[in-house]
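Here's a protein structure to look through together.

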Amino acid sequence: MHPDDQMTPVERARALAKGERIDRYPINLFWGAPAHALLGWTRRQEQASGANIAAVKRKVYETFGCDGVNADYGLHGMAVAFNAKVTDPEHLPFSILEHPVKNIQDLSCLDLERLTVAKDPTASKCYEACQILRQELGDEVSCSMGFPGPFTSASALAGTSQLLKSLITQPEAVHRLLEFTTAGLLQLVRPFIAAGFPISISDPVASGPILSKPRFRSFVLPYSQKLVAGCKAMGATGVGVHICGDTTNLLEDVVECGYTSFSIDNVVDLAVAKERIGAKIPLIGNVDPVNILYRGTSEDVRQAVRACCRKAWDSPKGYIIATGCDTVYGTPLENAYAFMEEARKCAQFPYDPANFQ
């Protein structure tokens, strides 16, 4: 347990679910891209095994005391399962050089049997990491598993350019690909849900600057609904989502997907989100990870934390202070410490507006 807390994350979550008194509300600092540096490792070392992933995630928890640990399939995980050619940078996240689906009309290279914990190397490492984290930290903090959404997975398989062009020129082919990615994700999540690991979804390509509202409703909404419903049918109690970019024009549509919490990018005004969907879904966010945490001063970070809390602390379905997206590799540690220190102050139970003036 972090020395500045009075409860472990597990104790806090149980008490909060029962409506009992807690020391503070949960806090999320998304510290993924820089995480391996806490051990002096490279990204390659982190991703070498499930044990290494677990070691990095454990170090993040020990360093900051956030309210969860997690493993992550990654936005490009499904493409990797089908032998996409990717970059191999020492520290930064990798990118795809060659996508598996060359022609969206031809999905013959895709096989659902490869998307299992036994056969998918990324899923296998993540499952091992989750099991290790539960064994080592389960009495203190819960472990969850992150997956990309169906639309973002389709982008990884076919490439964003081909996918977006095909929304107009070959919509039926896109729907067939989305049926595959949804089925694949439901197959991948099954063992994690069966083992009791909560599931979260990241769907950055399904964002407002990329998709119009009608296209979101056609190509994202039905498949997200199917994914969430499938997870719940397997026993998941909820499925949270993060979508990058400006989703202001899609807020109600995201809720309609069935997600049980919404992690909102920093370009969305939390006050607007609270007004429009705060009575329907818990909100998470949204300190700017680039201009504030990476480029700003510690005082900039503290002011941003307070500003977010001022806007959303009284959101009807609840609010969790967090970064607006993953933090950038090279983000100063002093800024991360400032975030957590100020967030702990602002998140004291019950919320007191005097703490974030």
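Q: Why is helix α3 called oblique to helix α5?
A: In this predicted model, the axes of α3 (residues 50-64) and α5 (residues 121-137) cross at roughly 45° and come within 8 Å. Angles under 35 degrees count as roughly parallel, over 145 as roughly antiparallel, 65 to 115 as roughly perpendicular and the rest as oblique. That makes α3 oblique to α5. The axes are lines fitted to C-alpha atoms, for helices over the stretch in contact, with angles running from 0 to 180 degrees between N-to-C directions.

Q: Which residues make the contact between α3 and α5?
A: Contact means heavy atoms within 4.5 Å. From α3 come G50, A51, I53, A54, K57, R58 and Y61, and from α5 come K125, E128, A129, I132, L133, E136 and L137. By class, that contact has eight nonpolar, one polar and five charged residues. Here Ala, Val, Leu, Ile, Met, Phe, Trp, Tyr, Cys and Pro count as nonpolar, Asp, Glu, Lys and Arg as charged, and the others, Gly among them, as polar.

Q: What makes I53 count as buried or exposed?
A: Buried means under 20% relative accessible area, exposed over 50%, partly exposed in between (1.4 Å probe, protein chains only). I53, which sits in helix α3, has 4% relative accessibility, so I53 counts as buried. Leaving aside residues up to four places away in sequence, I53 touches E46, Q47, K125 and A129.

Q: How do you know whether β9 is enclosed by the rest of the structure?
A: Count its buried residues: five of the five in β9 are buried, so β9 is largely enclosed by the rest of the structure.

Q: What makes β8 and β9 a pair?
A: Two strands pair if DSSP finds at least two bridges between them. Strands β8 (residues 261-264) and β9 (residues 283-287) have two bridges, in the parallel sense. F262 stands opposite L283 in β9, while S263 has I284 in β9 as its bridge partner.

Q: Why are β1 and β2 said to stand at the edges?
A: The open sheet has eight strands in the order β1-β10-β9-β8-β7-β6-β5-β2, with parallel pairing. β1 (27-28) and β2 (69-72) each have a single partner strand, so one side of each is left without a neighbour in the sheet. As for the names, helices (H or I, at least four residues) and strands (E, at least two) are DSSP runs, numbered from the N terminus.

Q: What handedness does the crossing of α14 and α15 have?
A: A crossing is left-handed if the near helix is turned anticlockwise from the far one by less than a right angle, and right-handed if clockwise. α14 passes α15 in a right-handed crossing. The axes of α14 (residues 298-312) and α15 (residues 333-346) come within 8 Å, crossing at roughly 35°.

Q: How are the residues counted, and which ones qualify?
A: Numbering starts from 1 along each chain as its sequence is written. Local features need pLDDT of at least 70 and side-chain atom pairs count only at pLDDT 80 or more, while totals for chains, interfaces and linings use all residues, and side-chain values use heavy atoms, with hydrogens and water left out.
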